[in-house]
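Biologist: Before we discuss anything, could you show me the sequence and the model side by side?

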Amino acid sequence: WTLMNVIGNSLSITLSDALTNVNFGTDLNPGSSAIPAVNNSQDAYNIICEYPPGNCNVSIKGNANWTSNVNTFLISNITWGKNTTFAAGSRMNFVYSIINQSLPNLASQFIYFWLDIPSSQVAGTYQSNFTIFAQAN
């Protein structure tokens with residue numbers, strides 16, 4: 001007799017290089033709002049999901065508030081969206097939000113980002129991060 005292990009279908013996502021380092025530029029001013037990420041206009045932030053048997057459910061969530069040494073501001077000062085319109089976007093938070101619940105195999109999902117800087121924010125180089133998650137649909 002022969003022993004065989006059957007492995008289920010695998011799912012993988014590919015993030016564009018730009019999406020691994022979303023940047024809002026330099027010389028940003030406190031009190032500014034809807035500042036587009038540097039690569040928004042180039043459609044450079046995209047996700048490709050590979051799952052040959054079906055579609056992918058792709059989500060995003062923030063992992064930490066923005067920090068620069070001891071100074072912080074909220075992750076919700078980031079807006080993300082599936083199109084180039086800031087007003088149609090959603091505020092980033094610490095709970096997964098669906099980007100696309102039925103992304104077809106090998107299709108590309110573009111995503112866009114905007115930043116609001118609180119009016120009293122101390123100058124600094126701020127960092128934060130987020131997670132993109134995908135599962136079979």
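**Strands, rings and buried faces**

Biologist: Are Y45 and F113 buried or exposed?

Modeller: This is a predicted model, in which local features need pLDDT of at least 70, side-chain atom pairs count only at pLDDT 80 or more, and totals for chains, interfaces and linings use all residues. Buried means under 20% relative accessible area, exposed over 50% and partly exposed in between, with a 1.4 Å probe and protein chains only. On that scale Y45 and F113 are both buried.

Biologist: How many aromatic pairs does the structure hold, and what is the geometry of the pair formed by Y45 and F113?

Modeller: Seven aromatic pairs are found in the structure, where rings of Phe, Tyr and Trp (its six-membered ring) pair if their centres lie within 6.5 Å, and planes under 30 degrees apart count as stacked, over 60 as edge-to-face and the rest as tilted. The rings of Y45 and F113 have their planes at 85 degrees and their centres 5.6 Å apart, so this pair is edge-to-face.

Biologist: Which other aromatic residues form one cluster?

Modeller: One aromatic cluster brings four residues together, and these are F24, W66, F73 and Y126.
The chain around them has zero helices and 12 strands, where helices (H or I, at least four residues) and strands (E, at least two) are DSSP runs numbered from the N terminus.

Biologist: How many residues of strand β4 are buried?

Modeller: Across the chain of 137 residues, 36% count as buried. In β4 (residues 56-62) both faces are covered, with C56, V58, I60 and G62 buried on one side and N57, S59 and K61 buried on the other. The strand is largely enclosed by the rest of the structure, because the buried count in β4 is seven of the seven.

Biologist: Which residue in β12 is the bridge partner of K61?

Modeller: Two strands pair if DSSP finds at least two bridges between them, and β4 is joined to strand β9 (residues 97-103) by four bridges, running antiparallel, with I98 as the partner of S59. Between β4 and strand β12 (residues 130-136) there are seven bridges, and these two strands also run antiparallel. In β12, K61 is bridged to T131.

Biologist: Which strands stand at the edges of the open sheet?

Modeller: Four strands form this open sheet with antiparallel pairing, in the order β2-β11-β7-β8. Each edge strand has a single partner strand, so one side of each is left without a neighbour in the sheet, and the two edge strands are β2 and β8 (90-91).

Biologist: Which residue in β8 is the bridge partner of W80?

Modeller: Strand β7 (residues 78-81) is joined to β8 by two bridges, and the two strands run antiparallel. Within β8, the bridge partner of W80 is S90.

Methods: Residues numbered from 1 in each chain as written. Heavy atoms only, no water.
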